[in-house]
Amino acid sequence: MVLSAAEIPVRRVAANGIDINVAVAGTGPAVLLLHGFPHTWRLWSDVIGALAPSHRVIAPDLRGLGASARPDDGYDAETLAADAAGLLDALGERNAAVVGIDLGTPPAFLLAMRRPERVRRLVVMESLLGRLPGAEDFLRDGPPWWFGFHAVPGLAERVLSDHESAYVDWFLTAGTRGRGVPPELRDAFVEAYTGPDALRAAFAHYRAMPESARRIERAVAETRLRVPTLAIGAHPVGNALARQLAPHTDDLTGRVIPRCGHIIPIDGAADLHPLLADFLAP
């Protein structure tokens, strides 16, 4: 089932004290999709089409990103998890299968850890979980260069002013191993990250990463991940996320999609869709 972005209904929902822009399509058990940087809910357009015949698919713009509100604070993963829980409440869903990629992975993980009754199944992709052991090979040469650049308050916004399109293009090209994304989708992502306030909110996620790491470490010290979990890697993260999860997870399946770039929902859609269909099947 192929749905264009124009065919996917989008609304604004008040949740956890902010207005969240969210696409909702289909009927059935809920699936919540949490995107990363530099993306919006539209990252999931093809996934929504694949899942909507059998699921109610909920794909928000994360706090500060896309058309969601851009508050001054609340960009740590635990607050983002509370946003997700509040969104489920607002849409009348007691629980959901939760799928996160990149920036969406830590809040998906913390939602499953803190509120396991809200998460039927968990899928996490192409991200790391703070400072948890297991990612040493990936981090041998240090974290990706942009983590430090984005973390310096005010710097990246000033440097990138009027150069947002080139910057977003770099991530979209690198994240698909040179193959790129469809032009309409590329233009939507560039528009979403253009302007100083859009950049400020985007980089606030990176500036909150130390707090997110503390919340993740506290969570694994207090409990285990008991929700059935699928960790999917590609290039460059590979199986590092699965290695981080393994000591803390009761039911973990790991998969790595070969020859696929970081932006799995686009670059690895042919492999991702059957993995999700099988794992999320009732």
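Reply: Let us begin with the largest pocket, to which helix 9 gives the most lining, with 5 residues. Please bear in mind throughout that this is a predicted model.

Me: What is the volume of the largest pocket, and which residues lie nearest its centre?

Reply: The volume of the largest pocket is about 850 Å³. Its lining comprises 38 residues, and Leu 128, Pro 144, Phe 147, Tyr 206 and Met 209 are those nearest the centre. Two or more lining residues come from each of helix 2 (77–90), helix 3 (105–114), helix 4 (145–151), helix 6 (164–174), helix 8 (196–207) and helix 9 (209–222).

Me: How many residues of that lining are nonpolar, polar and charged?

Reply: The lining of the largest pocket divides into 26 nonpolar, 8 polar and 4 charged residues.

Me: How should I read the packing of two helices?

Reply: Two packed helices are described by the angle between their axes and by the distance between those axes. For helix 3 and helix 9, the angle is about 30° and the axes are 10 Å apart. Helix 3 is therefore roughly parallel to helix 9, because angles under 35 degrees count as such.

Me: Is the crossing of helix 3 and helix 9 left-handed or right-handed, and which residues make the contact?

Reply: Helix 3 and helix 9 cross in a left-handed sense. From helix 3, the contact uses Pro 106, Phe 109, Leu 110, Met 113 and Arg 114; from helix 9, it uses Arg 215, Ile 216, Arg 218, Ala 219, Val 220 and Glu 222. Sorted by class, the contact of helix 3 with helix 9 has 7 nonpolar and 4 charged residues, with no polar ones.

Me: At what angle do the axes of helix 2 and helix 3 cross?

Reply: The axes of helix 2 and helix 3 cross at roughly 70° and come within 8 Å. These two helices are therefore roughly perpendicular to each other, because the range for that term is 65 to 115 degrees. On the helix 2 side, Ala 77, Glu 78, Leu 80, Ala 81, Ala 84 and Ala 85 take part; they meet Pro 106, Pro 107, Leu 110, Leu 111 and Arg 114 of helix 3. The contact of helix 2 with helix 3 contains 9 nonpolar residues, 2 charged residues and no polar residues.

Me: How many cavities of 30 Å³ or more are there, and which residues line the largest cavity?

Reply: The count is 1 cavity of 30 Å³ or more. The largest cavity has a volume of about 80 Å³. Lining the largest cavity are Ile 20, Leu 34, Pro 60, Asp 61, Leu 62, Arg 63, Leu 80, Asp 83, Ala 84 and Leu 87. Helix 2 contributes the most to this lining, with 4 residues. By class, the lining of the largest cavity has 7 nonpolar, no polar and 3 charged residues.

Me: Let us turn to the backbone. Is the peptide bond from Phe 37 to Pro 38 cis or trans?

Reply: The bond from Phe 37 to Pro 38 is cis, with omega near -5°. Pro 38 is in the loop between strand 3 (30–34) and helix 1 (45–51). The peptide bond from His 235 to Pro 236 is also cis, with omega near 20°. Pro 236 is located in the loop between strand 7 (229–233) and helix 10 (240–245).

Me: Is the phi of Glu 126 positive or negative, and where does Glu 126 lie?

Reply: Glu 126 is not a glycine, yet its phi is positive, at about 45°. Glu 126 lies in the loop between strand 6 (119–125) and helix 4.

How values were computed. Residues are numbered from 1 along each chain as its sequence is written. This is a predicted model: local features need pLDDT of at least 70, side-chain atom pairs count only at pLDDT 80 or more; totals for chains, interfaces and linings use all residues. Side-chain values use heavy atoms; hydrogens and water are left out. On a 1 Å grid over the protein atoms alone, a cavity is a set of points where a 1.4 Å probe fits but cannot get out, and a pocket is an open set with protein on both sides within 12 Å along at least five of seven lines; lining residues have an atom within 4 Å of a point. Grid points are joined across faces, edges and corners, and a volume is the space filled by probe spheres set on the points. Ala, Val, Leu, Ile, Met, Phe, Trp, Tyr, Cys and Pro count as nonpolar, Asp, Glu, Lys and Arg as charged, and the others, Gly among them, as polar. Axes are lines fitted to C-alpha atoms, for helices over the stretch in contact, and angles run from 0 to 180 degrees between N-to-C directions. Angles under 35 degrees count as roughly parallel, over 145 as roughly antiparallel, 65 to 115 as roughly perpendicular and the rest as oblique. A crossing is left-handed if the near helix is turned anticlockwise from the far one by less than a right angle, and right-handed if clockwise. Contact means heavy atoms within 4.5 Å.
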